[in-house]
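Hi,

Here is the structure I promised to pass on. Please load it first, then read the notes below.

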Amino acid sequence: MKDLAANLERVLVQISDAARKARRSPGDVQLVAISKTHDADKVRAVHDAGQPIFGESRVQEARAKIPELPSNLCWHFVGHLQKNKIRHALPLFELFHSVDQVDLARDMNRIAEEDGMHPRVLLEVNVAGEGSKFGFQPDKLRQDMEALLVLPRLSIEGLMTIPPLAEQAERSRKYFVDLRKLRDRLETEFQMKLPHLSMGMTNDFPVAVEEGATLVRVGTAIFGERSRPKRE
């Protein structure tokens, strides 16, 4: 477990270095430790080393894991949220990074109203237009915002993206720039604040920080390679 603490410290140093390089305050960037497939003992060790925020992508796994851990952990949902899991997910997570379509947002708003909740969400944007990925299309998001902003229960706090997988982190930079510029245009057009940009993972998070990320989602660099669940 000492390795986990050392890994965490290494990632935090990289975030701080990248922020200072971009003349940003390191305190403006939050690390989300992606704990999916990793057991509660590992999560507890990373939390004990000082990490408060963790990310899960499967509701069923989170429902089993979260009760095993201290109640002061902050949980973010970072995966594709299926509509039939919304009611289970809303009480578990403080921020949803991956609202990827208007219909999902409407269902979240309806269930949140029924259950007396006010979910905080980010809008996932498919900046590269990849057919294999979820997310709003950048050129259509402005039109979709009209439908999203009338949903009273949802607090839209920013944007998220997953760029195409690349061996070199530098190749992700243009997608991070595109997301930041899209956020800025939306803020101007709709006269609203979208303070968060969730972008950057293990392979490219320093570049994301340089380009304005406020949330970086890092799993492998902290926990090591994910354990693959065995098929029954």
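Asp-39 caps the N-terminal end of α2. One of its side-chain oxygens sits 3.2 Å from the backbone nitrogen of Asp-41. Bear in mind that this is a predicted model.

The helix itself covers residues 40-48. Its buried residues are Ala-40, Val-43, Ala-45, Val-46 and His-47. What do they pack against? Three helices are partners: α1 (2-21), α3 (59-65) and α9 (220-223). Strands β2 (53-56) and β3 (74-77) also take part. After α2 comes Gly-50, with a positive phi near 115°.

Next, Glu-211. This residue is in the loop that runs between α8 (205-210) and β8 (215-218). Is Glu-211 buried or exposed? Its relative accessible area is 13%, under the 20% cut-off, so Glu-211 counts as buried. Its side chain makes a polar contact with the side chain of Arg-180, at 2.6 Å. Leaving out residues up to four places away in sequence, Glu-211 touches Arg-173, Phe-176, Val-177, Arg-180 and Met-199.

Last, Gly-135. Look for this one in the loop between β5 (120-124) and α6 (138-148). Gly-135 is buried too, with a relative accessible area of 17%. Which residues does Gly-135 contact, neighbours within four places in sequence aside? They are Asp-100, Glu-124 and Asn-126. For a distance check, take Val-29: its C-alpha is 23 Å from that of Gly-135, and the two residues are 106 residues apart along the chain.

Best wishes

Key
Residues numbered from 1 in each chain as written. Predicted model: local features only at pLDDT ≥ 70, side-chain atom pairs only at ≥ 80, totals over all residues. Heavy atoms only, no water. Helix = DSSP H or I, 4+ residues; strand = E, 2+ residues; numbered from the N terminus. Buried < 20%, exposed > 50% of the residue type's maximum accessible area, 1.4 Å probe, protein only. Polar contact = N/O pair within 3.5 Å; in protein donor to acceptor, adjacent residues only side chain to side chain. Contact = heavy atoms within 4.5 Å.
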